[in-house]
Amino acid sequence: MKNIISIITLAMITNLSLYSQNRKILFVLSAANTLELNKGQKLRQTGVFLNELYLAYKSVSENGYTVDFATPNGVVATIDEESTNDKYWKEILEIKKESLEFIKKDNSFNNPITLENAIENQANYIGVIIPGGQGLMIDLIEDKNIPILLNHFAKENKPTGLICHAPSLILTIAAEENPYIGYKVNSVSPLEEFVIEKIHNERKT
């Protein structure tokens, strides 16, 4: 996962150099915290996957870019507790510690703007990154602002980083105006989801 996120952010940073006069990037985050399973018979804590958020943020911020965080209604993003497990960090446990401090103390992360505000200021951003996590399948996938933002960055040829679950948000854009039609996209598969859920449920029992 670290290598995949590094490749995504490196590609974005390379493209961002074309917009060097402006150094601000928009991070769009889910604000959902509960996932209903089995038609609501079971509830699972969810949110943004921590390493997908922090490794992307760390890459762009270390290259001199500033970040605005935006969520539905300006609600502080919830971190998926599963994503704090050491198995997702392995040889970079020190960075995991950094990430936990970041979500506790970073002023921008803890005071996100609304998606409506992000749209009002979308011309000021040179790129957008949407980290994954199952939370976005609850709120962002249904949010009317997402296709507006994605359309803007695509039509302006500005770098767009969609991590893990986030490529599914492309489907929020109406087919007749979808700028991504014809592209090949990699995303998480149903089999991977099944394995993750199975391991999580076994750990809880």
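Which residues is F27 in contact with, leaving aside its neighbours within four places in sequence? Keep that in mind while you get your bearings.

You're looking at a predicted model, where local features need pLDDT of at least 70, side-chain atom pairs count only at pLDDT 80 or more, and totals for chains, interfaces and linings use all residues. Residues are numbered from 1 along each chain as its sequence is written, and side-chain values use heavy atoms, with hydrogens and water left out.

Start with a cartoon view. You'll find six helices and seven strands, where helices are DSSP runs of H or I with at least four residues, strands are runs of E with at least two, and both are numbered from the N terminus. Follow the chain and the pattern reads α-β-β-β-α-β-α-β-α-β-α-β-α.

Next, select F27, L53, F69 and F109. In the largest nonpolar core, which has 25 residues, these four touch the most other members. (Such a core is a set of buried Ala, Val, Leu, Ile, Met, Phe, Trp, Tyr and Cys residues joined through side-chain atoms within 4.5 Å; buried means under 20% relative accessible area with a 1.4 Å probe, protein chains only.) Now colour β1 (24-28), α2 (50-62), β4 (66-71) and α3 (93-105), the elements that each give two or more residues to this core. The largest share, seven residues, comes from α2.

Back to F27: its contacts (heavy atoms within 4.5 Å) are L53, A56, Y57, V60, V67, D68, F69, A70, I129 and P131, sequence neighbours within four places aside.

Finally, pick A70, F153, A154 and L162. They are among the 22 residues of another core, apart from that one.

Terms used:
Buried means under 20% relative accessible area, exposed over 50%, partly exposed in between (1.4 Å probe, protein chains only).
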